Amino acid sequence: MPARRSRPEKHDEAKQLRRDPYEVLGVSRNSTDQEIKSAYRKMALKYHPDKNANDPEAADMFKEVTFSYNILSDSDKRRQYDSAGFEAVESENQDLELDLSSLGTVNTMFAALFSKLGVPIKTTVSATVLEEALNGVVSIHPLPLGQPLSRKVEKQCAHFYSVTITEEEAMNGFVCRVQSSDKSKFKLLYFDQEGNGGLSLALQEDSTKTGKVTSAGMYFLRFPVYRLDHTVNSIAAAKDPDAAFFKKLEGFQPCEITELKAGNHVFAVYGDNFFKSASYSIESLCAAPFAEEKEKLRDVEAQILAKRVEISKFETEYREVLAQFTEMTGRYAQEMQEIDELLKQRNEIHASYTIAPPMKRSTSKSRVKGPFRESKDGPLRDKKPSIRDRTKKKKWFNIHLKVDKRKPC
């Protein structure tokens, strides 16, 4: 009977069987981020569980494609992999993307529970929605500039909108924002238009809680606008409380598209709730009246980038000081315990210098509470004077003076 392999051996074998992420996605090592994303979208749609039910090979391929994209879509992980291979990539911290349409009822409930507990879960758009968009069979509604629309989208469904912008509006910049006063969970999507009339997903923004609403936005202002991915290093942050602070800006990454050209553009709102529909309001704006806000945004994001570098350096210093502090507090507790033990031994030795029998402790019966005074019969407690005794004492205002009223004073 063959020997059973241990878990580390199986883990090492799985590492050896991993294929090159570039090979999995069918791209070259000098491919752009957009080319990698396009290749991933096509392969993920091909091997999606919705289209390959009860096919374990397609399920494994879908996982491999997602794992490869998680490495190559992150600039830091891609650089680490290019320099040192899989060993430089922390596979256990890879973000997990879930397609809610392929989850069973029990798994969906667990995912909803984690979401309620504040653990961010990255979800993908349903393959049905992506395939219908790619085949050009979706209904697209016009979205005029500066005219918000309020609607409700069902879970794992999408509403598509077409926005037309002029050359001047494209030069001034364009913004598309969605918010939900019900704090519904949704995705804002942007699609590239294919030559055959179909639509391929190019950008997606998950809704986040901002005050009393959930919101998502895309800003095409002709300069790099950054977005904050809250799921980055969320697992590591849950294990280490300090990591929640130091990794907070890890997901601050530039958007792949900085500007739009004149013409028609297609956006969509996808219902990302687990059990219910999402109520939302969508609006598209020309950024021309917001020149001051554009400059403020550019300045604030530059400060955030500088702060991310500063915090990265500060983390190293903090970890070193924290290690020293932990060591010192441990020694403090140990020294205090040793001192207390020595003093206890000292007191015991002092008490041993005696030949007198040990003193017996008095019982509660022999104790007399309160002051006492001696009497003929023994000690008596002081008693307060009674009311009768108090009345016998004469006071100055009770003295009777005899006055002869007949004689003048």
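Arg-222 sits in the loop that joins strand 10 (213-220) to strand 11 (226-228). Helices and strands here are DSSP runs, helices being H or I with at least four residues and strands being E with at least two, numbered from the N terminus. The phi angle of Arg-222 is near 70°, a positive value in a residue other than glycine. With 35% relative accessibility, Arg-222 counts as partly exposed; the cut-offs are under 20% relative accessible area for buried, over 50% for exposed, and partly exposed in between (1.4 Å probe, protein chains only).

Gln-156 also has a positive phi, about 55°, although it is not a glycine. Its loop runs between strand 4 (149-153) and strand 5 (158-165). Gln-156 counts as buried, because its relative accessibility is 17%.

## What kind of model this is

This is a predicted model, in which local features need pLDDT of at least 70 and side-chain atom pairs count only at pLDDT 80 or more, while totals for chains, interfaces and linings use all residues. Residues are numbered from 1 along each chain as its sequence is written, and side-chain values use heavy atoms, with hydrogens and water left out.

## The chain as a whole

The secondary structure comes to twelve helices and 16 strands. Of the 409 residues in the chain, 32% are buried. Contact means heavy atoms within 4.5 Å. Among contacts between residues at least 6 apart in sequence, 73% join residues at least 24 apart.

## A closer look at helix 4

Helix 4 has 17 residues, and the distance from its first C-alpha to its last is 24 Å, close to the 24 Å expected at 1.5 Å a residue. That expected span is 1.5 Å times one less than the number of residues.

The buried residues of helix 4 include Ala-58, Met-61, Phe-62, Val-65 and Tyr-69. An α-helix has 3.6 residues a turn, so residues three or four places apart point the same way. Ser-68 is another member of helix 4, and it counts as buried at 2% relative accessibility. Leaving aside neighbours within four places in sequence, Ser-68 is in contact with Pro-21, Val-24 and Leu-25.

## Where helix 4 meets helix 5

Two packed helices are described by the angle between their axes and the distance between the axes. For helix 4 (residues 56-72) and helix 5 (residues 75-84), the axes come within 6 Å and cross at roughly 100°. Axes are lines fitted to C-alpha atoms, for helices over the stretch in contact, and angles run from 0 to 180 degrees between N-to-C directions. Helix 4 and helix 5 are therefore roughly perpendicular to each other; that label covers 65 to 115 degrees, with angles under 35 counted as roughly parallel, over 145 as roughly antiparallel and the rest as oblique.

On the helix 4 side, Asn-70, Ile-71 and Leu-72 take part, and they meet Lys-77, Arg-78 and Tyr-81 in helix 5. By class, this contact has three nonpolar, one polar and two charged residues. Here Ala, Val, Leu, Ile, Met, Phe, Trp, Tyr, Cys and Pro count as nonpolar, Asp, Glu, Lys and Arg as charged, and the others, Gly among them, as polar.

## The loop between helix 2 and helix 3

Val-27 lies in the loop between helix 2 (21-25) and helix 3 (33-46), and is buried with a relative accessible area of 15%. Not counting residues up to four places away in sequence, Val-27 touches Tyr-22, Glu-35, Ile-36 and Ala-39. The C-alpha atoms of Val-27 and Ala-39 are separated by 7.5 Å.

Ser-31 has its place in the loop between helix 2 and helix 3, and counts as buried at 8% relative accessibility. A polar atom of the Ser-31 side chain lies 2.8 Å from the backbone oxygen of Ser-28. Beyond its neighbours within four places in sequence, Ser-31 is in contact with Ile-36 and Arg-78.

Definitions and conventions: Polar contact = N/O pair within 3.5 Å; in protein donor to acceptor, adjacent residues only side chain to side chain.
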